[in-house]
Amino acid sequence: MSARKIIIDTDPGQDDAVAILLALASPDEIELLGITAVAGNVPLALTARNARIVCELAGRPDIPVYAGCERPLGRPLVTAEHVHGETGLNGPMLPDPTMPLQQEHAVDFIIRTLREQEAGSVTLCPLGPLTNIAMAFAKAPDIVDRVARIVLMGGAYFEVGNITPSAEFNIYVDPQAADIVFKSGSDITVMPLDVTHKALVTKARNDAFRALGTPVGRAVAEMTDFFERFDREKYHSDGAPLHDPCVTAWLIRPDLFHGRRVNVEIETVSELTMGMTVADWWGVTDRPANALFIGDVDADGFFNLLTERLGRL
Ligand code: BDR
Ligand code: CA
């Protein structure tokens, strides 16, 4: 089977960085057409910078990186420096990028790529707020039917929320955008907190990254070390959840994951539950399924895959 063409839309973020590295380490399965940056964990200037730092860390300055939307569609930007640090990529000391940022706007790149590539051949992989994707769908509705599928990190059902008691960060930051995407009719696979909270970087798993003995292995270990301090304190868990790499891992080894096709709707009105992903997990409505909502992962299989692939870079 030929490699799956993807666009990663992202707000790096240490876990976004690991998701990108996993994609770049897996050329047999994944052809990364470009990276589009969006405001999220940190403001856009930093996410666009961090995406290029990660490409250079992987030795891939040829990957085109585009800057997209600097704020959500209808709300002020909420960021997460308290989790990711003030650069978004705190932890390892990595050099400033020298590769250029592309001139084209990320939204235009998404539209152009979906029109130029064969219909049904490009998968969108959003790892941050869905602003760029929703803008592209609103600006060019003809591209929606050309998307192969969307595989995104966002939302929660049983785990409910991490930025508010009822909402996960990526969906909370731009609920209007998420609403557009979930109503688009695209084939969507969702990696919610329900699954990412099972992908914990325990000490042994982090040691395995470090033991690769490569610049990538060390950088990933230092990123997760940093990222971890927040989640350990918050959840008293064995380690930090590695959210976004679940997306790229699913593209390579979907057999490691299990979920249900359900209806997912986004709360966009109530401030109390803003950005909640209302997933009909138990099938109590007749609303049609619009997403494959993942709930479980073989965590050892996931970390074995990740470590083996990072070792190739
Ligand atoms: C999501 O929010 C961000 O902080 C992470 O990068 C991930 O995409 C988890 O809620
Ligand atoms: Ca992210």
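Reply: Let us begin with a term: a residue counts as buried under 20% relative accessible area, as exposed over 50%, and as partly exposed in between, with a 1.4 Å probe and protein chains only. This is a predicted model, in which local features need pLDDT of at least 70 and side-chain atom pairs count only at pLDDT 80 or more, while totals for chains, interfaces and linings use all residues. Residues are numbered from 1 along each chain as its sequence is written, chains are lettered from A and ligands numbered from 1 in the order in which they are written, and side-chain values use heavy atoms, with hydrogens and water left out.

Me: Is Pro129 buried or exposed?
Reply: Pro129 is found in the loop between β4 (122-126) and α5 (131-139), where helices (H or I, at least four residues) and strands (E, at least two) are DSSP runs numbered from the N terminus. Contact means heavy atoms within 4.5 Å, and, leaving aside neighbours within four places in sequence, Pro129 is in contact with residues including Asp9, Val38 and Asp174. Because its relative accessibility is 0%, Pro129 counts as buried.

Me: How are α1 and α11 oriented to each other?
Reply: Axes are lines fitted to C-alpha atoms, for helices over the stretch in contact, and angles run from 0 to 180 degrees between N-to-C directions. Helix α1 (residues 14-24) and helix α11 (residues 245-252) have axes 7 Å apart, and they pack at an angle of about 20 degrees. Angles under 35 degrees count as roughly parallel, over 145 as roughly antiparallel, 65 to 115 as roughly perpendicular and the rest as oblique. The two helices, α1 and α11, are therefore roughly parallel.

Me: How many residues of α1 are buried?
Reply: Helix α1 is mostly covered, and among its buried residues are Asp15, Val18 and Leu22, which also belong to the group that meets α11. The number of buried residues in α1 is 11 of 11.

Me: At what distance from a side-chain N or O atom of Glu168 is an oxygen atom of ligand 1, and what is the value?
Reply: A residue is near a molecule or strand if one of its heavy atoms lies within 4 Å of it, and ligand 1 is surrounded by residues that include Asn41, Glu168, His243 and Asp244. An oxygen atom of ligand 1 is 2.7 Å from an N or O atom in the side chain of Asn41, and for the side chain of Asp244 the value is 2.7 Å. For the side chain of Glu168, the distance is 2.4 Å.

Me: Which side chain makes a polar contact of 2.8 Å with that of His243?
Reply: His243 has its place in the loop between β8 (240-241) and α11 and, at 9% relative accessibility, counts as buried. The side chain that makes this polar contact with His243 is that of Thr196.

Conventions:
Polar contact = N/O pair within 3.5 Å; in protein donor to acceptor, adjacent residues only side chain to side chain.
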